[in-house]
Amino acid sequence: MKIGIAGGTGGMGEGFALRWCQKHDVIVGSRDAQKARDAAENYTRTAKQTYGNIAGSISGNDNISFTNDIDVLILSIPYEFIDDTCGKLTGKLRDDCIVVSPIVPMARTEAGFVYIPLEQGKEQAAEMVADKLPPRSRVVSAFHTISESKLKNLQQSLDADTFICGDDQNVIAKLKNLVDEISGLRPLYLGPLALAYQAEILTPMVLNAAKRNKLKNPGVKLV
Ligand SMILES: NC(=O)c1ccc[n+]([C@@H]2O[C@H](COP(=O)([O-])OP(=O)(O)OC[C@H]3O[C@@H](n4cnc5c(N)ncnc54)[C@H](OP(=O)(O)O)[C@@H]3O)[C@@H](O)[C@H]2O)c1
C-alpha cells in the first residue's frame with residue numbers, strides 16, 4: 001500500500017513511518033518538501049539499521065503533492081490545524097483513499113490536561129476531519145493513546161490496545177490490518193465515528209494519571 005502521512009515530520013509520523021515501511025511505501029509529508037525529504041532520509045537510515053533490508057520504502061514530499069496517489073492518509077497534525085490542512089487537501093484525494101485521524105484535541109490548564117471539545121464546546125477531531133474530507137465513510141480514527149516514544153522505539157512491543165472508530169466496515173478492516181502490523185498493538189473496534197470522542201478523551205486522562213503517578217509513557221489495555 002501507499003501510505004501518506006501529513007505532518008509526518010512529527011514524533012507520531014516518525015513512528016508510523018518506521019513501523020509500516022517494512023511492508024509499505026510510506027510518504028512523509030510536511031508543509032516544507034525539503035524538511036520532509038530530510039526526515040524521510042533519517043527514518044530510512046534508522047529503519048535499515050534496525051531491520052536490515054525493508055520491503056517498502058520511505059520518501060518525503062509536501063503534504064499536498066502525493067495526495068492523489070495514496071491508499072491511506074494519516075493526518076498526523078495538531079487539532080488546531082485540521083481546518084487549514086484539510087482545506088488544502090479537499091478534492092485532491094482519490095475517492096477510495098482512507099483517512100485516519102489519530103488527532104487528540106487537548107490543552108493544558110492549571111488543573112491538568114483537558115479535552116478541548118468538552119472544555120470549549122468545539123467539535124471532536126474525527127468529526128471535524130469527516131466534515132472537511134468527505135465522504136464520511138472513508139474516515140476512521142485510532143492511535144490516540146499510543147505514545148510517540150514507544151511507537152518510534154522499534155525494539156519495543158507496544159503491549160496496548162487502540163480503539164478504532166469508523167462507519168464503514170471495509171475501511172475499518174483495512175485499518176485493523178495496519179494496526180496488527182505494529183508489534184504488540186491490538187485493534188479494538190469501538191463504534192461509529194460519532195463515538196470517536198470516547199477514544200480521543202482518553203489521552204488527557206492517561207497523561208494526567210501518568211504525570212501524577214510518575215508513569216513513563218503508559219498506554220491503555222482492556223483486561
Ligand atoms: N505525540 C504523541 O505521543 C501522540 C499520541 C497520540 C496521538 N497524538 C496525536 O497525533 C498527532 C500528531 O502528533 P505529533 O506529536 O507528531 O504532533 P506534532 O509533532 O506537534 O506535529 C506534527 C506535525 O504537524 C505539522 N504542523 C505543525 N504546525 C502546523 C500547521 N500550522 N499546519 C499544518 N501542519 C503543521 C508539523 O510538520 P511540518 O512543520 O513538517 O509541516 C509537525 O511536524 C496529533 O494530532 C496528536 O494529538 C500524538
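This tour moves through the structure from the sheet to the helices, the ligand and a few individual residues.

The model is predicted; local features require pLDDT of at least 70 and side-chain atom pairs count only at pLDDT 80 or more, whereas totals for chains, interfaces and linings use all residues. Residues are numbered from 1 along each chain as its sequence is written.

**The sheet**

Begin by selecting the strands, which, like the helices, are DSSP runs numbered from the N terminus (helices: H or I, at least four residues; strands: E, at least two).

Next, select residues 72-75 and 98-101. These are β4 and β5, parallel strands joined by 3 bridges, and Leu73 stands opposite Val99 in β5.

**A residue within β5**

Select Val100, also in β5. Val100 is buried, because 28 other C-beta atoms lie within 10 Å; the class requires 20 or more, exposed means 12 or fewer, partly exposed falls in between, and C-beta atoms are placed from the backbone. Beyond its neighbours within four places in sequence, Val100 is in contact with Val72, Leu73, Ile74, Leu75, Val140, Ala142 and Leu175 (contact: C-beta atoms, placed from the backbone, within 7 Å). The C-alpha atoms of Val100 and Leu75 are separated by 6.1 Å, although the two residues are 25 apart along the chain.

**Helices on the sheet**

Now select α9 (202-212), whose buried residues are Thr203, Pro204 and Leu207. Viewed down the axis of α9, these fall within an arc of 95°, so they line one face of the helix; the arc is that of the directions from the helix axis to the C-beta atoms. Their cover includes β6 (106-108), β7 (113-115) and α8 (196-200).

**The ligand**

Display the ligand and its surroundings: 25 residues form the shell, the closest being Gly7, Gly10, Met12, Ser30 and Arg31. A residue belongs if its C-beta atom, placed from the backbone, lies within 6 Å. The elements giving two or more residues are α1 (11-20) and α3 (82-89), and α1 gives the most, with 3. By class, the shell holds 10 nonpolar, 10 polar and 5 charged residues (nonpolar: Ala, Val, Leu, Ile, Met, Phe, Trp, Tyr, Cys and Pro; charged: Asp, Glu, Lys and Arg; polar: the others, Gly among them).

**Backbone details**

Most residues other than glycine have a negative phi, and most peptide bonds are trans. Select Phe143, in the loop between β8 and α6 (148-152): its phi is positive, about 75°, and Phe143 is buried, with 28 other C-beta atoms within 10 Å. Finally, select Pro134 and Pro135: the peptide bond between them is cis, with omega near 10°, and Pro135 lies in the loop between α5 (125-132) and β8.

Terms used. Two strands pair if DSSP finds at least two bridges between them. Two residues are in contact if their C-beta atoms, placed from the backbone, lie within 7 Å.
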